[in-house]
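Biologist: Could you walk me through the ring contacts and the helix packing in this one? I'd like the cut-offs as we go.

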Amino acid sequence: MPRSEVLFIGGRSGVGKSTAAEALHDLLVAADVRHAVIEGDLLDLAHPAPHVEFPEAHLAERNLAAMWSAYRELGYHRLVYTNTVAVLEQDALAAAMGDDPVVTAVLLRAGDQATADRLRRRSGGHLPEAQLAHSTRTAGRLDAAARDAVTRVDTDSLAPPEVAVRLASLTGWLDA
């Protein structure tokens with residue numbers, strides 16, 4: 001079986017990670033490229049937050065390991081993985097996959113206005129200021145802490161299919 005390949009998509013809340021992953025999924029399906037998509041934010045979504053209450057448990061990584069193992073058994077070797085901080089935790093996430101994957105890491109970026117508009121649409125029109133402020137702080141932290149090798153893609157003026165094309169070109173999966 002070919003070596004695993006993973007595309008880690010990170011970025012602030014409202015930047016369009018999930019939407020871009022869905023558009024990329026559609027693009028890959030149309031080209032009949034075998035792949036899986038995992039929404040990393042759901043791997044440890046619980047209350048109280050396991051990454052806060054039980055950080056030593058590494059629940060997201062453990063769940064990713066279990067899920068990826070199941071996909072590998074079925075012959076998958078390409079993974080699209082979205083999570084706010086995926087680009088900061090790419091080493092631990094790649095290790096959790098268990099098979100030394102080829103890693104492509106992308107940080108999606110957007111300005112406050114575009115982000116606020118997206119978050120308002122997602123929430124039905126209401127956007128608490130604290131949510132936007134948190135997203136803005138996260139954007140700054142991600143951009144400052146992400147490695148230079150992480151590709152930054154500004155999404156303000158891009159439609160999801162355009163972002164998907166950029167992501168696909170970075171992986172080379174449509175060329176295979």
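**Rings and helices**

Modeller: There are three aromatic pairs in total, counting rings of Phe, Tyr and Trp (its six-membered ring) whose centres lie within 6.5 Å, with planes under 30 degrees apart called stacked, over 60 edge-to-face and the rest tilted. This is a predicted model, where local features need pLDDT of at least 70 and side-chain atom pairs count only at pLDDT 80 or more, while totals for chains, interfaces and linings use all residues. Residues are numbered from 1 along each chain as its sequence is written, and side-chain values use heavy atoms, with hydrogens and water left out.

Biologist: How do Phe 8 and Tyr 81 pair up?

Modeller: Phe 8 and Tyr 81 are edge-to-face, at 5.6 Å centre to centre with 85° between the planes. The pair links distant parts of the chain, with Phe 8 in strand β1 (residues 5–11) and Tyr 81 in strand β3 (residues 78–82), 73 residues apart; helices (H or I, at least four residues) and strands (E, at least two) are DSSP runs, numbered from the N terminus.

Biologist: Are Phe 8 and Tyr 81 buried or exposed?

Modeller: Both Phe 8 and Tyr 81 are buried, where buried means under 20% relative accessible area, exposed over 50% and partly exposed in between (1.4 Å probe, protein chains only).

Biologist: And why is the pair of Tyr 71 and Tyr 76 edge-to-face?

Modeller: The ring centres of Tyr 71 and Tyr 76 are 5.3 Å apart and their planes stand at 80°, so this pair is edge-to-face. Tyr 71 counts as partly exposed because its relative accessibility is 24%. Ring pairs also join Trp 68, Tyr 71 and Tyr 76 into a cluster.

Biologist: What lies over the face of Tyr 76?

Modeller: Arg 34 does, at 4.3 Å from the ring centre; the rule asks for NZ of Lys or CZ of Arg within 6 Å of the ring centre and within 35 degrees of the ring normal.

Biologist: Switching topic, at what angle do α1 and α7 pack?

Modeller: Helix α1 (residues 17–30) and helix α7 (residues 160–171) pack at about 70°, with their axes 8 Å apart. The two are therefore roughly perpendicular, a label for angles of 65 to 115 degrees, with under 35 being roughly parallel, over 145 roughly antiparallel and the rest oblique.

Terms used:
Axes fitted to C-alpha atoms, helices over the stretch in contact; angles between N-to-C directions.
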